Amino acid sequence: MNTTDRRRVVRDVVVAAAATVVPLMLLLATNAAQIADTSLVWATAAVAAVVAALVVLAVRRTRVRQPGLVVGAFGYTFFFNSFFGPGPLAARLALWLVMGLVAVVVLRVLVGEGERSQWAVAGVLTAVVAVCAVLGTTSGEPSAPEAIAFESVDAVRRPNIYVFVLDGLARPDVYREEFPTVDVEAMADNLAEHGFDTSEIATVNYSRTHISLPSMLMGEYQTTAEAPLGLDGEWAYATETMGGNNRLVSMLRTAGYSYWHSESGQWGHFPCDRSFADRCLNGDQSIEPETASAIWSLTPFGGAPWPGLRPQDPTTVVDSVLAARAEAERSGDERPVVMLSHIISPHHPYRFDADCGSMHVGTLGDGWQDEYRQLYADQTTCLFRQLDESMERLIADDPEAIVLLLSDHGSQFGIDWVPGEWSDTDVRRRFTSFRSVRLPESCSTDEPRAHTLVNVSRLLAWCLTDEPPEWLDSVQYTQNYHGNRVSAVPDHQRSLLDPR
Ligand SMILES: [Zn+2]
């Protein structure tokens, strides 16, 4: 190889490596606030750069000596999904392949094998796709939310507070009625041994996760027949409030609390937002699943779950809480903690059998269909075991803790989401919910309004201050799945929520 050749190879390798890093740096730039640990992005960028360099080296003596194409292929692959997704995985892969081949053919016909023009065309194409991708991901995105202020509480005590929301966990009487294989008495006894009181009267106020969670965190009804938020509005709102911009967290921060956020794991819901969370908990995962999902979702494979994404369950969350407590102690951080964790269980996809033996993620029971009722029951049995084991460890480590085990809604199979037309069974299944709480004696109560989800922040304020709360009345709202039609559950159906 003469000097000119060598120089050219070095230049090609450097340019190819640098160019493949661009998509990942853009990901980093647009998600800086959400990515708690950026090492995975840097590592992926490093691997992509090395692979691009190796490919350029490998093809340099062959007839396809076209480093511009190598760079184009990498950029095209990494931007493809934000450009063309979402859609069925197989269709997008086919589109990716066909469009890639067409692009190569067109490129060769138009500019031949001249190296300089190859570089120019690859550069222009990559830049166009990148600009479109960036515009696509940033347009219409809400600007940084304003922090919500809430009246402070004069706390007379400051125990650590751990809030777990188990998605779709039903009330004991519903399990007794409909899922006899689930042993709720054993579960309630186990939790009682750790100081928990399991409710037979708990209710939620909204039928869907997206708005039920914000109603709990904001301590107010959030969407009504007069002012429905709609699906996109609800989802953005849920992500923001679950990230920590909510009245519950705001209230506790004014009382001196540090906010710890645990991500949902599965599906990448509710990422940690550094603007509001003092600490992001990610379980004992060796990689950060949300970041891995974000990188994965850039590629044509992004429609499938990230294979390394490990779903959260109570044991993985408590693992991370205990590790974070030890870390906080080492660093001299003595602030009390409020931890919020939303766990997608027993909600589908059903991942565990009754013995907590793993099933495949997303292949079994990935829906609410009736044929999955037994899978739901089995996952509940596993979840109770995980709760028993993890709460024992948490309480042993933190005996004064306030712990709330809640659910955003009850079980539900086959609802036809038309508001105002729910059957009695639908209303009863969906608005009765799990609630097992470990509270100081001073704020334990049978008052039914205290057992409805919208009053959680009032309950906690009472526990810290001894000031009796002004409970909101318990009202239930049905919605269609698009969230743009809302209807209050009529009085004659409200009695269905009474305990049986
Ligand atoms: Zn839910």
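I count a residue as buried if 20 or more other C-beta atoms lie within 10 Å of its own. The model I am reading is predicted.

**Entry: Leu-191**

I looked up Leu-191 and found it in helix H7, residues 184–193. Is Leu-191 buried or exposed? I get 22 other C-beta atoms within 10 Å, so Leu-191 is buried. I then listed its contacts, leaving out residues up to four places away in sequence: Phe-196, Thr-198, Leu-387, Asp-388, Met-391 and Ser-436.

**Entry: nonpolar cores**

I turned to the largest nonpolar core, which has 85 residues. Which members touch the most others? I find Val-163, Phe-164, Val-338 and Leu-405. Helix H13 (residues 373–397) supplies the largest share of this core, nine residues. I followed Phe-164 and, setting aside neighbours within four places in sequence, found contacts with Pro-314, Ser-341, Ile-343, Leu-404, Leu-405 and Leu-406. Apart from this core I noted another, of 18 residues, including Ala-16, Leu-24, Val-41 and Leu-298. In soluble globular proteins, nonpolar side chains tend to be buried together.

**Entry: helix H10**

I checked helix H10, residues 247–254, for burial. Leu-248, Val-249, Ser-250, Met-251 and Leu-252 are buried there. What covers these buried residues of H10? I list helix H8 (209–218), strand S3 (258–262), strand S5 (337–343) and helix H15 (456–465) among the covering elements. Just after H10, I read a positive phi of about 100° at Gly-256.

Notes:
Residues are numbered from 1 along each chain as its sequence is written. This is a predicted model: local features need pLDDT of at least 70, side-chain atom pairs count only at pLDDT 80 or more; totals for chains, interfaces and linings use all residues. Helices (H or I, at least four residues) and strands (E, at least two) are DSSP runs, numbered from the N terminus. A residue is buried if 20 or more other C-beta atoms lie within 10 Å of its own, exposed if 12 or fewer, and partly exposed in between; C-beta atoms are placed from the backbone. Two residues are in contact if their C-beta atoms, placed from the backbone, lie within 7 Å. A nonpolar core is a set of buried Ala, Val, Leu, Ile, Met, Phe, Trp, Tyr and Cys residues joined through C-beta atoms within 7 Å.
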